[in-house]
Amino acid sequence: MIRRLPRRSHARGFSLIELAVVVMIIGILAMLAFPSMTDANVDRHVYDDAGRILELVHTARTRAMGRGAATMVTFDTITSGQTRGNYRMYEAVSPDPAGGGSTLPSASCTFPASVWTAANPTNKFIDGVTLNDTYEGTTNIVSRVITYDNAGVASAASNVIAICWTPLGRTYFWSGGAGSTPQFSAAAPFLGAIAVDVARLVSGQTAISATSTQGLTRRVIIPASGNARIVSSIVPPTP
C-alpha cells in the first residue's frame, strides 16, 4: 500500500501593496525620529562646548602649578563679534637674559599695568575656546558668564572678566570693558566663583533665560581653587 504524504501549501510572499505599506511606515517613523536625533546632536554639541571651557580652566590651573608661571583665562561675551563667548588662556613670561624673546615663566599675576596688554611680549597666548564659529551661529548656541563675589553674591557679567592663578595657588580676579588691559591686585585675592552657562536658544533669541532655551543648559562652575565641574539643568539657573 502506497502511503501518500500530505501536500504542503505553497509559501505565500508579500504583495507589492504590502511592501509599499511597510516602506511607507518606515519612512514616517524615520521622519518622526529625525528631529529628535537632530536635537540630541545639538545638545551633545552644547555639552562639548561646555567641556572645552572646563578643560581650558583645568589646563590653566595645572599649567600654573606645573610650570611655575602665572596663568590667566579671559571670559569675553561682550566684545563685538565675540558675544557668543570667547575664552582665552595666557601665560606670564619674563625676558630671557640671553636674548631671544620673553620665554621664561613668570610667577606673578600682579605685573605692572601694561604686562597683560594684548600682544605684549611678557604674556604668551596658549590656547582658546570660541563659540563664535559657524555651527554655534547656525544652531544658536550661546554662553553667559555669572560671577559670584567673595560674599557669594551672583550677577551676570557685563564686562570682560579674567582670572589669574599663581603657582602657589593664589587666585586673582579682574573685570573691565572690551579692549581694557587686565590688572590684578596683590591685596585683593579672589575667593568667589565664576559660572559659565552654555545653552541652545530658540531661533531669534539672543540671551539665556528660562523661556529662551531649548534642551539642557550646561553650567561650568569655576571656584577660586580652579577645581571646575559641569552641572546640567532643564531650566537655566538664574544669576
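The model is predicted, so local features are taken where pLDDT is at least 70 and side-chain atom pairs at pLDDT 80 or more, while totals for chains, interfaces and linings use all residues. Residues are numbered from 1 along each chain as its sequence is written, and side-chain values use heavy atoms, with hydrogens and water left out.

**Whole chain**

Start with a cartoon of the protein chain, which has two helices and 11 strands. Helices (H or I, at least four residues) and strands (E, at least two) are DSSP runs, numbered from the N terminus. Read from the N terminus, the order is α-β-β-β-β-α-β-β-β-β-β-β-β. Colour by accessibility next: of the 239 residues, 37% count as buried. Buried means under 20% relative accessible area, exposed over 50%, and partly exposed in between (1.4 Å probe, protein chains only). With contact defined as heavy atoms within 4.5 Å, 61% of the contacts between residues at least 6 apart in sequence join residues at least 24 apart.

**Strand 9**

Select residues 193-201, which are strand 9. Nine of the nine residues of strand 9 are buried, so the strand is largely enclosed by the rest of the structure. In a regular strand the side chains alternate between the two faces of the sheet. Here Ala193, Ala195, Asp197, Ala199 and Leu201 are buried on one side, and Ile194, Val196, Val198 and Arg200 are buried on the other.

Strand 5 runs antiparallel to strand 9 and is joined to it by eight bridges. In that pairing, isoleucine 146 stands opposite alanine 195. Strand 10 also pairs with strand 9 in the antiparallel sense, over eight bridges, and here alanine 193 stands opposite proline 223.

**The nonpolar cores**

Show the side chain of isoleucine 194 and what surrounds it. Beyond its neighbours within four places in sequence, isoleucine 194 is in contact with Phe75, Val145, Ile146, Ile161, Ile163, Phe173, Val220, Ile221 and Ile222.

Ile194 also belongs to the largest nonpolar core, of 28 residues, where it is listed with Phe75, Tyr87, Trp165, Val196, Val198 and Ile222 as having the most contacts inside the core. A nonpolar core is a set of buried Ala, Val, Leu, Ile, Met, Phe, Trp, Tyr and Cys residues joined through side-chain atoms within 4.5 Å. Which elements supply at least two residues each of this core? They are helix 1 (16-67), strand 1 (71-76), strand 2 (86-95), strand 5 (141-148), strand 7, strand 9 and strand 10 (213-223). Helix 1 gives the most, with nine residues. Apart from this core lies another, of 12 residues, among them Met72, Ala92, Ala162 and Trp174.

**The disulfide**

Select cysteine 109 and cysteine 164 next. They form a disulfide, with their sulfur atoms 2.0 Å apart; the cut-off for such a pair is 2.5 Å. The search of the whole structure finds one disulfide. Cysteine 109 is in the loop between strand 3 and strand 4 and cysteine 164 in strand 7 (residues 160-165), so that distant parts of the chain, 55 residues apart, are linked. The torsion about the S-S bond is about -85 degrees, so the disulfide is left-handed. Both cysteines are buried.

Tryptophan 116 is buried at 4% relative accessibility, and phenylalanine 184 is buried at 7%.

**Two positive phi values**

Most residues other than glycine have a negative phi. Select alanine 119, where phi is positive at about 70 degrees. Alanine 119 lies in the loop between strand 3 and strand 4 and is exposed, with a relative accessible area of 79%. End at asparagine 140, whose positive phi is near 60 degrees. Asparagine 140 is in the loop between helix 2 (134-139) and strand 5, and is buried, with a relative accessible area of 10%.

Note on methods. Pairing = 2+ DSSP bridges.
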